[in-house]
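Colleague: I want to learn how to read salt bridges in a model. Can you take me through some cases?

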Amino acid sequence: MPDAEGHFGRFGGRYVPETLVHPLQQLEEEYFRAQADPAFQKELSYYLSEFVGRPTPLYLAERLTRELGGAKIYLKREDLLHTGAHKINNALGQVLLARRMGKTRIIAETGAGQHGVATATVSAMFGLQCVIYMGAVDCERQALNVYRMKMLGAEVVPVQAGQRTLKEAVNEAMRDWVTHVRSTHYILGTAYGAHPYPVMVRNFHRVIGDEARRQILEKEGRLPDCLMACVGGGSNAIGLFYPFLNDPGVAMVGWRPADTASCPSNMRRASMGARWACCRARAPTSSRTTTGRSS
Amino acid sequence: MSPVSNRIEERFRRLREERRKGLVVYIGAGDPDLEATRRLTLALDRAGVDVVELGVPFSDPLADGIVNQLAAQRGLASGTTPPKVLATVAAIRRESEVPVVLYIYFNLLHRVGLANFIRDAAAAGVDGLLVLDLPPEEADEYEGLMRDAGMCPIWLVAPTTPEARVERIARRAKGFIYYVSREGVTGMQASVSTTIADMTARIRRHSDLPIAVGFGISNPEQAREVARHAEAIVVGSAIVHRVATHGQDPAMPDQVGAFAAELARAVAEVSA
Ligand SMILES: Cc1ncc(COP(=O)(O)O)c(C=O)c1O
């Protein structure tokens, strides 16, 4: 758990314009109330199983295991979820929270479009207006996801500023939020941003690791030697890793892209930063990042 | 190194004595280049501007509307960095005592190191910092360093700020309190916000400091209207827009200075 102000050690916190401070405090209060509310948890698990398709299998990739000739490899099949990615775990949790808070409008940023599609889907399910900010370059690269979001009734706003990718989409979503904060909930798509987003996003995704831990114990009678996840903003990685944090002997490796096209430069920077309202820290730069203690 | 009396506090004391309202003007540093910024700041001083807010250009100005975003892009394109902005302030100080506040995003301070930046800013002759995305909750170290350096930390109050929080902010404020009269980003607006009278009254319940109101003021009529409720008004995008229109024209500082003088006259018509 972070401290009262949302710090994880020297990371985290809340670096936002004054207009957003009180709304974030309200979001934090409502989130922790919901988290402790059995009715909310019941609603969340109902939709996770009936609408989203949980639990997902932990699949033994036999041929990959043989081909690589080393570790026995299991895949946690988040790709089988509705809309095709883990993103919907968080989008669903946050949309239920937005409904509790009486918000009528949903906004989100998206890079590849998976988070945008998940957000458009849950917004449509509950009849909420939905606006998705997406860098103009990403809109072209991921035209199919733009089409899906529009089909789901969302408005997709191509962002023309700067590098015209995820970073600028986040900035534009923040500007929208500052302007419409009374009616609007911002469903941030990964484990970054101002408190309470990182802790909230982690908790909505920890279902990945909770299931995986149970499943591996059933299948193998032991914990894995190593967990691996791709890292964009870190949501699927922290969702998988978190329930294993107290398991000594489980190594954790996050993989990040080395090219700027799929990972904006300020997400790769090693130095601490205070961008995007948000985290005081960026993850380390190397494409292979070991999290937690080494085993 | 730290001045005995801060220029911002000094200016507002004088305004109060003379029963005048103040005019704060925002410009983007390095737009179109820092020499133009130096000349423009001096022109604004001559035009009767009371405080000049210099926006330090940043790649992700998420509190800013399109006019100021483009100014920041031009600032970055002209090679403007925080140290160069400080050097420009030092150059301005050779000719002018106009109070200067830097409008800056926290990431820039964080990168240079808070202590270094604040020390260098004070030495250059900066009088206050307005850190857009640094709420008081994150600001203990910042406040201590600012106090030691004799600079005013300028705190924002927004329409969404509840009364208990206004009180907390007011207690920490120095120089003046900035009421951001709109939920939204910087930018010109067709009409002024209707929350101003209520919120300035709310702030006054907790502080005797001057209140400056900004975000969206674009012409002398609006300046006059808002000045009735506050000790000072802030005009940003409407000025920045004019800077952009004149671009590299060497007459830009005088042209923009003339508009600032119009605003100053409008504000002067409202007596305290
Ligand atoms: C399928 C999928 N996996 C992973 C990611 C990376 O994000 P994160 O690190 O938050 O899991 C994305 C982001 O778009 C995604 O679509």
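Modeller: Start with one residue. B:Asp50 has 4% relative accessibility, so it counts as buried, the cut-off being under 20%. Keep in mind that this is a predicted model.

Colleague: Which residue forms a salt bridge with B:Asp50?

Modeller: B:Arg11 does, with the closest N and O atoms 3.1 Å apart. B:Asp50 lies in the loop between α2 and β2 of chain B, and B:Arg11 in helix α1, so the pair ties together parts that are 39 residues apart in sequence.

Colleague: Is B:Arg11 buried or exposed?

Modeller: Buried, at 12% relative accessibility.

Colleague: What does A:Arg105 meet in a salt bridge?

Modeller: The side chain of A:Asp176, at 2.8 Å from N to O. This pair links distant parts of the chain: A:Arg105 is in strand β5 of chain A and A:Asp176 in helix α8, 71 residues apart. A:Arg105 counts as buried at 11% relative accessibility. A:Asp176 is buried too, at 5%.

Colleague: Where do the partners A:Arg14 and A:Glu28 sit in the chain?

Modeller: A:Arg14 is in the loop between β2 and α1 of chain A, and A:Glu28 is in helix α1, 14 residues apart. Their closest N and O atoms are 2.7 Å apart. A:Arg14 is buried at 9% relative accessibility. A:Glu28 has a relative accessible area of 16%, so A:Glu28 is buried as well.

Colleague: Which residues are linked in a network of salt bridges?

Modeller: A:Glu18, B:Glu137, B:Arg165 and B:Arg168.

Colleague: How many salt bridges does the structure hold over all chains?

Modeller: The count is 41.

Methods
Residues numbered from 1 in each chain as written. Chains lettered and ligands numbered in written order. Predicted model: local features only at pLDDT ≥ 70, side-chain atom pairs only at ≥ 80, totals over all residues. Heavy atoms only, no water. Salt bridge = Lys/Arg side-chain N within 4 Å of Asp/Glu carboxyl O. Helix = DSSP H or I, 4+ residues; strand = E, 2+ residues; numbered from the N terminus. Buried < 20%, exposed > 50% of the residue type's maximum accessible area, 1.4 Å probe, protein only.
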